[in-house]
Amino acid sequence: MHPERMKPKKRLRGGVHVSDEKHTREMPAKRLPAPETVTLPMRQHIGAPCEPTVKVGDTVKLGQVVGDSDAFVSAPVHASVSGKVAAVKEVKLASGLVSQAVVLENDGENTPADFAPPKIDTLDDFLAAVRASGLVGLGGAGFPTHAKLRVPADKRLDTLIINAAECEPYITVDYRECLDNSWDVLGGVHLLLEMLRPENVVIAVEDNKPEAVEVLLRVAEKDDAGNRIRVMPLRSRYPQGAEKMMVLAATGRKVPPGGLPIDVGCIVMNVASAAFLARYCKTGKPLVSRSLTVDGSAVVAPQNVRAPIGTEIDYIFKACGGFREEPVKIVAGGPMMGQAIVDTHHPILKSNNALLAFTAADLSVKAETDCIHCGRCARACPLSLMPTVIHRYALQRDGAALKRAGAAVCMECGSCAYSCPAGKPLVQFMRHAKAVLKEEEGKQ
């Protein structure tokens, strides 16, 4: 039986239409040579940072654990090259946070640690293997996957959603994962079906990627005896790929404010994360490299690459021909929700899925003017917030009013700022509002 094309239960409210700029969509990821040194921060995920488990002078193998933590919401860090530990020191990350890091000198040998497929008989075995793999969300959030997949005793999972929407402009690595590693994607899906036992699986892809839809349908048809896998083409509209929007589209359910998808019976997992799980369970090789889109008007040769985690951003740009002219903005991630960076000597992390560099000709910054109360920001907000109201209360530092206005619910997608004709930096005010709320909570 041919798997169904599932129609979304509900359409995205608000959002914005952005030019997709998917220049690298026809380029499979090219594996880069490992650099002479890699820097492996211990803070590469949401949750507790790891502590180094090696010291200066130690010899390490590719895939060996170099950092770990006893905390539940954490994931081990593995050596992405073989060689010697050159330093254990504090480094500043692109986000501005400071982290302990292990610096490795590459010996060029790529001597692997003793990999072996994990022995999985029970759900606990599976979750322990997921943690041992070092996997965190590869779509950009960086939440430890083993923690996401552990369903609380008082919750029930009925729908697994594989997120292949990739609604941010420029980024194409998830699209390439669907085309180039479709059997791994479906292998990961079947593994999750076997271990988590959801009633249904929905693979969600934006409808501007018809080739990915067709490939996934074709592969699913060959190995879906239970007819439980659905491929759901979504209307191409940002931020369709956000977790809460995915849940709404696939099930019609709304994740409550401050809640998680599992609160309404769902788990959302990035398509590259699912594919990695299939490969890890076959080989035992942990997460030591990842694919990124390198693009933007300043880049000489935009392309998709696969690089060892901990590789310097500058090295990756140089591997793509360097810059045709000095960029005025460099972004780690997509242009809507990515992190602007000022130093290309930061290392890439597990959660980085793109590096973009833009020239002055490609950027137009609106001069900020007075709000004309047009309501475009409210119409664009997919969560039905009133950004101008939150803006006003944030300036007043009125925590009670911000709580009533739902400031904590904002997912910082940037749709409000994108649609504002007055050029208001509304996302920054949303972040400021959350900081005020956090400060108020600390006083209680």
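Helix α1 (residues 123-133) packs against α7 at an angle of about 100 degrees, and their axes are 11 Å apart. That makes α1 roughly perpendicular to α7, a label used for angles of 65 to 115 degrees. Axes here are lines fitted to C-alpha atoms, for helices over the stretch in contact, with angles running from 0 to 180 degrees between N-to-C directions. Helices are DSSP runs of H or I with at least four residues, strands are runs of E with at least two, and both are numbered from the N terminus.

On the α1 side, Phe126, Ala129, Val130, Ala132 and Ser133 meet Phe276, Leu277 and Tyr280 of α7; contact means heavy atoms within 4.5 Å. The residues of this contact divide into seven nonpolar, one polar and no charged. Nonpolar covers Ala, Val, Leu, Ile, Met, Phe, Trp, Tyr, Cys and Pro, charged covers Asp, Glu, Lys and Arg, and the others, Gly among them, are polar.

## About the model

This is a predicted model, where local features need pLDDT of at least 70 and side-chain atom pairs pLDDT 80 or more, while totals for chains, interfaces and linings use all residues. Residues are numbered from 1 along each chain as its sequence is written, and side-chain values use heavy atoms, leaving out hydrogens and water.

## The open sheet

Four strands make an open sheet in the order β11-β10-β9-β12, with parallel pairing. Since β11 (229-234) and β12 (266-270) stand at the edges with a single partner strand each, one side of each is left without a neighbour in the sheet. Neighbouring strands are turned by 25 degrees against each other on average, direction ignored. Two strands pair if DSSP finds at least two bridges between them; β9 (residues 159-163) and β12 have five. One of the partners is Asn270 in β12, bridged to Asn163.

Helix α7 (residues 271-283) packs on this sheet too, touching β9 and β12, with its direction at about 80 degrees to that of β12. Helix α5 (residues 210-222) lies across β10 (200-206) and β11, running at about 175 degrees to β11.

## Tucked-away spots

His78 sits in strand β6 (residues 77-78). It's buried, with a relative accessible area of 4%; buried means under 20% (1.4 Å probe, protein chains only). A polar atom of the His78 side chain lies 3.1 Å from the backbone oxygen of Ala132. Setting aside residues up to four places away in sequence, His78 touches residues including Leu40, Ser133 and Pro286.

Helix α3 (residues 173-180) has six of its eight residues buried, so it is largely enclosed by the rest of the structure. Among the buried ones are Tyr175 and Arg176.

Methods: Angles under 35 degrees count as roughly parallel, over 145 as roughly antiparallel, 65 to 115 as roughly perpendicular and the rest as oblique. Buried means under 20% relative accessible area, exposed over 50%, partly exposed in between (1.4 Å probe, protein chains only). A polar contact is a pair of N or O atoms within 3.5 Å; within protein, one must be able to donate a hydrogen and the other to accept it, and residues adjacent in sequence count only if both atoms are side-chain atoms.
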